[in-house]
Amino acid sequence: TMLIHTQSENVLVRSSFIEKDNAVGFRDTGKWWLTSTGHRSYLTSPILQDTNVIYRDLHGRNFKVATNDYWPYFDTELLEDGTIAPVAGIDRNIIYTLGQKLNFTVELVAPADGKWGGVEADGSISGLIGMVARHEARVALCEITVTGAREVVVDFTSPYIMDNTAMISPAPKEKNRAFAAFSPFTIAVWGCLALTVFCIGPIIWVMDFWRQSVVMGTDKPSMPLMQYSFNMFRNLVVQGNNIQTHLWMLRFLFFFWYLF
C-alpha cells in the first residue's frame, strides 16, 4: 500500500496489483486526512483484498509453465520457432482447465537439463524446480514428487495424485519336484526316522522271543520278525495295526509307537 501526500493535507491511499502484462500497478482505494480533532479516512475498497477475490480473475495474464515431455502427464511438441506446444496429457488438461476457469494464458517452457530437479550438492537448483525457484517460470507441472528438499526452495500445491510404492524381488526358480515328498524334513530327521522304523520291529520281536523263552519255556516267538517289522511300518503310515496281543509290555510299546 502506498500513501501519497497532496497539497491539501490529504493523503491518497493506493494498493498494488498485477497488470495483464505482469507489471505492478496501483489502484486508488481511498483517502486519509488530518483534522483539528484527529484524522479521518474514507476507503472506496479494502486496502488488502481477499485473495479469493484477487485470484478469481487473473485478467488474461500470461503464465510461464515449466514442464518436461513426459507421457501421460504432459505430451509436448517442439516447434520450428523454438516454442513448445502442448499436445495431450493429464497435467496439460489440468493447467489449461485452470486457465479457462481463472482467466489466464499459458506459455510452456522447459529446463535446459531436462530434469525434474532439486537442490544439488553444490547449492545450485536444477530442472523444473530450479526454473520456479529462479522465477524463470511461474509454475512447474509434470508429475513432480513432493520432497522435503524441494519444499525448501518452492511451494507445492496439495497433491492430486497418490502413487504407491511396491517392493519387488526376483521370482523364485521352480524346484525339481522329483523328491518333493522328502523336502519337509532334513536329511538328519529322515535318517533318524528310517533308523527308528528299522529298529522297532526287531525290538518287539526280541521282547516277544525273551518272553516266550523265559516265561513260556519255548524258543518260538508268537510272530515272525518280518510280520512285526511290517506292522510297525503300517502304524507309521496310518494303516492300522493287525497285531493283537494281551502282553502288557508289547501294548506298552505299541502305545508309545502310536504316539510317535
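The following questions and answers concern a predicted model of a single chain.

Visitor: What is the mean pLDDT of the chain?
Guide: Residues are numbered from 1 along each chain as its sequence is written, and side-chain values use heavy atoms, with hydrogens and water left out. In this predicted model, local features need pLDDT of at least 70 and side-chain atom pairs count only at pLDDT 80 or more, while totals for chains, interfaces and linings use all residues. The score pLDDT is the predictor's confidence in each residue, from 0 to 100. A value of 70 or more is reached by 98% of the residues, and the chain mean is 87.

Visitor: Which residue meets Asp-28 in a salt bridge?
Guide: A salt bridge is a side-chain nitrogen of Lys or Arg within 4 Å of a carboxyl oxygen of Asp or Glu. For Asp-28 the N to O distance is 2.6 Å, and the partner is Arg-14. This pair links distant parts of the chain, 14 residues apart: Asp-28 lies in strand β3 (residues 24-35), and strand β2 (residues 10-18) holds Arg-14.

Visitor: How far apart are the closest N and O atoms of Glu-136 and Arg-134?
Guide: Relative accessible area is classed as buried under 20%, exposed over 50% and partly exposed in between (1.4 Å probe, protein chains only). Glu-136 is partly exposed at 36%, and Arg-134 is partly exposed at 42%. The two form a salt bridge, with their closest N and O atoms separated by 2.8 Å.

Visitor: Which residues does Pro-72 touch, not counting those up to four places away in sequence?
Guide: Pro-72 sits in the loop between β5 (61-66) and β6 (75-78). Its relative accessibility is 33%, so Pro-72 counts as partly exposed. With contact taken as heavy atoms within 4.5 Å, Pro-72 touches Gly-89 and Ile-90.

Conventions: Helix = DSSP H or I, 4+ residues; strand = E, 2+ residues; numbered from the N terminus.
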